[in-house]
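Please look over the sequence and the model, then read the notes below.

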Amino acid sequence: MNIFRKYSIVYIAVAIIAAAFVAGFYIGKGEKEIVVVNKQGEPVESGEVTINASQVKTYLGEDINFDIFLTVWDMLQERYVDQPVSQTKLFYGALGGLVAALDDPYSVFLEPVVSEEFAESLNGRFEGIGAEIAIKNEILTIVAPLPDSPAEAAGLKAQDKIIKIDNVSTEDMRLDEAVNRIRGEKGTTVVLTVARADVEEFLDIAIIRDTIKVKSVTWDMKDDNIAYIHMRNFNTDTTRAFKTIQREIIVQNPKAIIFDLRNNSGGFLNTSIDVASAWIDDKLIVSERSVSGSKTYMSTESPIFKDIPTVILINGGSASASEIVAGSLQDYKAAYIIGEQSFGKGSVQVLEDLSDGSSVKFTIAKWFTPNGRSIDEEGVVPDEEIELTEEDFSADVDPQLERAIEYLNSQ
């Protein structure tokens with residue numbers, strides 16, 4: 001049943017930091033806090049919630065009748081067939097629907113447990129299957145894999161479309177709900193029903209969850225004295241680890257660098273600035289435009305790799321912070337881009353923590369490359385497009401990497 005357009009298969013691995021959470025974002029503390037309490041004023045995870053309608057109305061426009069919300073709330077509390085109804089569940093569900101109404105796949109309300117797991121994933125550690133996911137073209141999709149993950153061992157592949165999670169349809173499922181269903185305690189099993197390009201039938205893939213520890217960046221020296229850097233994400237430890245790697249590489253006096261951003265779904269905006277600064281000297285890296293105006297981000301570090309010929313590898317799983325780096329280096333001709341068109345996420349999110357342990361992540365700006373290009377929904381188009389097919393993967397052949405080496409040896 002080839003109902004989806006063909007997607008390239010690249011590094012097949014996996015790690016469930018959602019590409020709801022595909023990033024380029026800030027973390028902060030919300031100015032307006034929401035507290036879920038019981039009648040005694042104590043924070044609760046479930047049970048009764050006190051809603052003061054008169055206070056809420058002061059935040060609403062005159063054309064909005066908040067009494068309708070309260071009417072539905074009371075109806076469900078009094079007449080829904082399966083009693084008792086958890087008011088906290090209704091409350092969090094309402095907040096989730098509020099953010100979902102923005103119709104932005106990167107804006108999401110995170111309940112306390114999910115919020116905590118997300119924070120852990122930014123530190124490179126979480127329990128799950130090891131796959132990054134996103135909603136693309138209204139379908140829950142595997143975006144970027146991690147090596148040595150349970151999902152890789154089970155055979156899950158990049159660009160697989162998740163049709164069901166434990167036999168529950170993902171149609172119209174919010175991203176945070178999908179993440180919540182897929183992630184879980186170490187040793188437990190989740191079954192994903194997936195549609196794969198060029199495979200007629202849906203596949204049921206059983207995956208045993210485990211503790212996932214993500215090393216954001218690694219490197220090794222290839223033949224012909226070419227340094228190969230593989231960056232999997234832009235997490236809290238990436239800048240520090242990348243600086244260490246920069247020093248190690250320079251000591252080796254490489255003749256060229258291959259910077260692999262394939263299946264790198266992004267992370268912190270400021271980390272992408274630090275990374276791009278290894279090649280760009282005292283120049284604009286990216287600009288962002290929001291309702292409050294525009295802001296520019298300049299290079300932050302000495303460009304230790306500035307004069308070293310560089311190829312960046314990208315594909316459909318390269319998103320957000322990866323696209324900031326690739327796009328800026330492409331604009332300045334500081335690197336030659338090889339691979340496939342990137343994911344196309346050109347927006348910035350803010351993660352605001354709330355007092356009950358929940359958080360809300362929503363889009364606050366869109367960003368543009370130094371030449372004013374918008375990447376949102378378009379992605380970065382490589383200087384040289386080379387596909388990595390499923391046949392290549394199965395045969396352990398990497399024509400993108402091979403072409404990068406060939407190109408650098410010809411310079």
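Is Asp224 buried, partly exposed or exposed? Asp224 is partly exposed, because its relative accessible area is 45%. The model is a predicted one. The protein has eleven helices and 20 strands, and 54% of its 411 residues are buried.

**Overall make-up**

- Of the contacts between residues at least 6 apart in sequence, 72% join residues that are at least 24 apart.

**The nonpolar cores**

- The largest nonpolar core holds 37 residues, and the members that touch the most others are Phe242, Phe259, Trp279, Phe305, Ile312 and Val325.
- Helices that give two or more residues to this core include H7 (238-251), H8 (269-276) and H9 (321-331).
- Beyond its neighbours within four places in sequence, Val325 is in contact with Phe234, Phe259, Leu261, Ser272, Val275, Ala276 and Ile312.
- Another core lies apart from the largest one and has 19 residues, among them Ala178, Val179, Leu192 and Ile205.

**Helix H9**

- H9 is mostly covered, with eleven of its eleven residues buried.
- The buried residues of H9 include Ala321, Glu323, Val325, Gly327, Leu329 and Asp331.
- These buried residues pack against the helix H8 and the strands E13, E14, E16, E17 and E19.
- H9 lies across E13, E16 and E17 (336-339), and runs at about 140° to E16.
- Lys333 follows H9 and has a positive phi, near 55°.

**The six-stranded sheet**

- Six strands form an open sheet in the order E11-E12-E13-E16-E17-E20, and their pairing is mixed.
- The edges of this sheet are E11 (217-222) and E20 (384-385), each of which pairs on one side only.
- Strands of a sheet pair through backbone hydrogen bonds, in either a parallel or an antiparallel sense.
- E12 and E13 are paired in the parallel sense, over five bridges.
- Tyr228 has Ile258 of E13 as its bridge partner.

**The loop between E18 and E19**

- Ser358 sits in the loop between strand E18 (347-353) and E19, and Asp356 is found in the loop between E18 and E19 as well.
- Ser358 counts as buried because its relative accessible area is 1%, under the 20% cut-off.
- Asp356 is also buried, at 14% relative accessibility.
- The side chains of Ser358 and Asp356 make a polar contact of 2.6 Å.
- The side chain of Asp356 also makes a polar contact of 2.2 Å with the side chain of Tyr92.
- Asp356 and Pro112 are 244 residues apart in sequence, but their C-alpha atoms are 7.0 Å apart in space.
- Leaving aside neighbours within four places in sequence, Ser358 is in contact with Tyr92, Phe109, Leu110, Glu111, Pro112, Ser115, Glu352 and Asp353.

**Backbone exceptions**

- Most residues other than glycine have a negative phi, and most peptide bonds are trans.
- The peptide bond from Gln83 to Pro84 is cis, with omega near 0°.
- Pro84 lies in the loop between helix H2 (66-79) and helix H3 (87-100).
- Asp198 is not a glycine, yet has a positive phi of about 70°.
- Asp198 is placed in the loop between strand E8 (189-195) and strand E9 (203-208), and is partly exposed, with a relative accessible area of 48%.
- Asp224 has a positive phi as well, near 65°, although not a glycine.
- The loop that holds Asp224 runs between E11 and E12.

How values were computed:
Residues are numbered from 1 along each chain as its sequence is written. This is a predicted model: local features need pLDDT of at least 70, side-chain atom pairs count only at pLDDT 80 or more; totals for chains, interfaces and linings use all residues. Side-chain values use heavy atoms; hydrogens and water are left out. Helices (H or I, at least four residues) and strands (E, at least two) are DSSP runs, numbered from the N terminus. Buried means under 20% relative accessible area, exposed over 50%, partly exposed in between (1.4 Å probe, protein chains only). Contact means heavy atoms within 4.5 Å. A nonpolar core is a set of buried Ala, Val, Leu, Ile, Met, Phe, Trp, Tyr and Cys residues joined through side-chain atoms within 4.5 Å. Two strands pair if DSSP finds at least two bridges between them. Axes are lines fitted to C-alpha atoms, for helices over the stretch in contact, and angles run from 0 to 180 degrees between N-to-C directions. A polar contact is a pair of N or O atoms within 3.5 Å; within protein, one must be able to donate a hydrogen and the other to accept it, and residues adjacent in sequence count only if both atoms are side-chain atoms.
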